[in-house]
Every structure is written in structure tokens, then in C-alpha cells.
Amino acid sequence: GDGYYLLASSGMPTQTQTSINFRYREQDIPPGEESFISLYYWTGSEWQKLAITRDMDRNEVAAQSMGEGLYALMSSLEIPLPVQGWNLVSYPVQESRAVSDALRSIEGYYGLVYGYDAADTGDPWKVYKPNSVPPWVNDLYTMTFGMGYWISATEPITWELKGGSD
């Protein structure tokens with residue numbers, strides 16, 4: 001959705017002592033992603049996810065204000081990787097993406113990814129290791145909807161994915 005810049009008029013209380021509330025139209029939310037809506041604040045270098053209160057009956061999201069700045073409602077599919085070590089997950093986005101793009105939200109928190117390609121009878125197990133030297137070690141290039149992947153997490157973390165383009 002659109003971003004909104006919060007700006008205080010003179011004489012207003014400090015904005016960090018206030019809350020901010022967003023309403024959204026249900027038809028603007030990708031199917032199946034309403035429970036993943038969050039409010040984000042632009043820090044000047046990255047989007048910071050805020051702790052929110054969500055009311056899906058009223059299509060509202062509220063959070064404590066971070067002060068003046070840019071705010072936006074966004075949704076991400078959230079896939080918990082609950083253990084340090086191997087986690088088996090199914091890729092839920094209905095489009096293929098380069099492995100490095102799909103795993104960007106957990107960059108630095110995983111060591112290896114394995115996928116299985118039954119169509120490749122010679123070498124069905126594919127691997128991706130970020131920053132591998134030599135780079136030809138990697139033969140897993142994309143993540144595909146509905147396929148299973150083993151991800152070796154360095155700690156429990158939640159993998160956040162942008163939904164499909166549809």
C-alpha cells in the first residue's frame with residue numbers, strides 16, 4: 001500500500017507518546033495474507049516492523065508511534081524456522097524466485113539450503129550455500145511454489161516472504 005508521512009503541528013504532544021492507526025480495504029490485501037499484515041516505520045535506512053494490535057473485523061492495525069516519519073502497511077508470509085539446525089519447509093509463494101532473493105529476510109542466519117529435484121535422476125539433491133567459494137558448488141538456483149527445502153538455520157528465526165505478484 002501507500003506510505004504515509006506523519007508530521008506534527010507545533011504545540012502537539014511528543015509523537016512517541018501517541019499511537020498510530022491504519023485502516024485498510026479488505027480487497028487491497030492479497031488473498032490469504034490478512035493475518036500477516038504489519039505496520040512498518042522507515043528508519044532512514046531500513047523498514048522497522050512495529051509491534052501491532054490487529055483488528056481484522058474492523059480492518060485496522062495500530063501501533064505506538066515512532067515519531068515523525070514514514071509509515072506503511074505491508075504483508076509478509078511468515079514461516080517459522082523453530083530450531084537451530086535443519087528445518088524442513090515448503091515454499092509458499094506462488095512464483096519462483098532466486099534462492100538469494102527468497103531468503104533475503106534471513107540473510108546471515110542460515111548456512112545451507114537443500115532442495116530435491118526428482119526430475120534430475122543423475123543428481124536430484126541441489127544445494128545452495130551463500131557466498132560459497134567456489135561459486136560453482138551451488139546448483140540450487142530458484143525456490144519453487146510447493147517444493148520442500150531443508151534450511152540450516154544458525155538460530156531460531158522467522159522467515160518473511162513477500163507474497164506473489166498476482
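I started with Ile151 and listed its contacts (heavy atoms within 4.5 Å). Skipping neighbours within four places in sequence, Ile151 touches Leu81, Gly85, Trp86, Asn87, Val89, Leu103, Ile106, Tyr110, Leu112, Val113 and Trp159.

A note on what I'm looking at: this is a predicted model, where local features need pLDDT of at least 70 and side-chain atom pairs count only at pLDDT 80 or more, while totals for chains, interfaces and linings use all residues. Residues are numbered from 1 along each chain as its sequence is written, and side-chain values use heavy atoms, with hydrogens and water left out.

Next, the cores. I take a nonpolar core as a set of buried Ala, Val, Leu, Ile, Met, Phe, Trp, Tyr and Cys residues joined through side-chain atoms within 4.5 Å; buried is under 20% relative accessible area, exposed over 50%, partly exposed in between (1.4 Å probe, protein chains only). The largest core has 21 residues, and Leu103, Ile151 and Trp159 touch the most other members. At least two of its residues come from each of β8 (77-81), α1 (99-102), β11, β14 (148-153) and β15 (157-161). Helices (H or I, at least four residues) and strands (E, at least two) are DSSP runs, numbered from the N terminus. I also found a second, separate core of 12 residues, with Ile29, Leu50, Val61 and Leu73 among them.

Then the sheet. Which order do the four strands take in the open sheet? I read β9-β14-β11-β12, with antiparallel pairing; two strands pair if DSSP finds at least two bridges between them. β9 (85-90) and β12 (125-128) are at the edges with a single partner strand each, so one side of each has no neighbour in the sheet. Neighbouring strands are turned by 25 degrees against each other on average, direction ignored; the axes are lines fitted to C-alpha atoms, and angles run from 0 to 180 degrees between N-to-C directions. β11 (residues 110-116) pairs with β12 over four bridges, and Gly115 has Lys126 as its bridge partner in β12.

Asn59, in the loop between β5 (52-55) and β6 (60-64), has a positive phi near 55 degrees. Asn131, in the loop between β12 and β13 (142-143), also has a positive phi, near 55 degrees. Buried or exposed? Asn59 is buried at 14% relative accessibility, whereas Asn131 is exposed at 76%.

Last stop was Gly69, in strand β7 (residues 69-75). Gly69 is buried, at 6% relative accessible area. Leaving out residues up to four places away in sequence, Gly69 touches Tyr4, Tyr5, Leu6 and Tyr41. Gly69 and Tyr4 are 65 residues apart in sequence, yet 8.1 Å apart C-alpha to C-alpha.
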